[in-house]
Amino acid sequence: MTGAMTTLAAGTAPHGFLSPTGVEIVFLLVGLATLGAAVVTVTTKQLVHAALWLVVALGGLAVEYLLLTAEFIAWVQVLIYVGSVVVLLLFGLMLTKAPIGRSPDADSGNRRAALGVAAAAAAALVWVVVDAFRTTWIGLDGDAPQGTTKVSGEILFRHWVLPFEALSVLLLAALVGAIVLSRKRDKEGER
């Protein structure tokens with residue numbers, strides 16, 4: 001309390017919502033670029049372009065983590081998602097012999113229903129996150145601040161082991177499914 005009074009007495013205003021710092025401005029700009037890449041990812045009709053825009057969106061998230069001083073999470077984002085997941089997606093596209101150009105199969109014609117479901121899901125997600133973290137304060141001062149390797153590892157291996165392993169099984173199932181689909185098409189082509 002006395003630190004805030006000293007700051008006000010010295011004539012400098014405390015940092016507030018209407019006086020953003022340079023990091024906050026960069027965070028906002030990178031967030032808008034990431035949002036734009038995510039929108040292009042789901043609206044493009046070319047599957048390979050969608051995968052490449054997904055790389056841009058996931059890379060933007062990694063930059064956001066860096067701006068939040070969570071370097072370990074940023075590198076995990078790059079290695080796991082940008083590296084592994086997108087490569088797995090591209091392998092799936094290659095193994096299923098997806099068309100390189102525009103794909104009429106990628107558009108079902110239910111854009112309004114899909115937009116409504118997406119808006120409802122986004123609203124529900126925002127509501128749940130805001131409700132869950134409304135009274136939470138994360139202090140960055142202390143022995144092990146949030147985002148460090150120690151704290152992230154403890155949280156991951158204590159509370160999130162099962163979802164982490166379930167995700168790895170899901171990715172393996174997607175790769176096996178792509179191989180099965182490619183083999184079925186090869187056998188049909190031989191007849």
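Student: What makes H3 roughly antiparallel to H4?
Tutor: This is a predicted model, where local features need pLDDT of at least 70 and side-chain atom pairs count only at pLDDT 80 or more, while totals for chains, interfaces and linings use all residues. Helix H3 (residues 47-67) and helix H4 (residues 71-95) pack at an angle of about 175°, with their axes 8 Å apart. Angles run from 0 to 180 degrees between N-to-C directions, and over 145 counts as roughly antiparallel. So H3 is roughly antiparallel to H4.

Student: Which residues make that contact?
Tutor: Contact means heavy atoms within 4.5 Å. Among them are Leu54, Leu58 and Leu61 of H3, and Val78, Val82 and Leu89 of H4. The residues of the contact of H3 with H4 divide into 19 nonpolar, two polar and one charged.

Student: Why is H2 called roughly antiparallel to H3?
Tutor: H2 and H3 pack at an angle of about 160°, with their axes 8 Å apart. That angle therefore makes H2 roughly antiparallel to H3. H2 passes H3 in a left-handed crossing, meaning the near helix is turned anticlockwise from the far one by less than a right angle.

Key:
Residues are numbered from 1 along each chain as its sequence is written. Side-chain values use heavy atoms; hydrogens and water are left out. Helices (H or I, at least four residues) and strands (E, at least two) are DSSP runs, numbered from the N terminus. Angles under 35 degrees count as roughly parallel, over 145 as roughly antiparallel, 65 to 115 as roughly perpendicular and the rest as oblique. Ala, Val, Leu, Ile, Met, Phe, Trp, Tyr, Cys and Pro count as nonpolar, Asp, Glu, Lys and Arg as charged, and the others, Gly among them, as polar.
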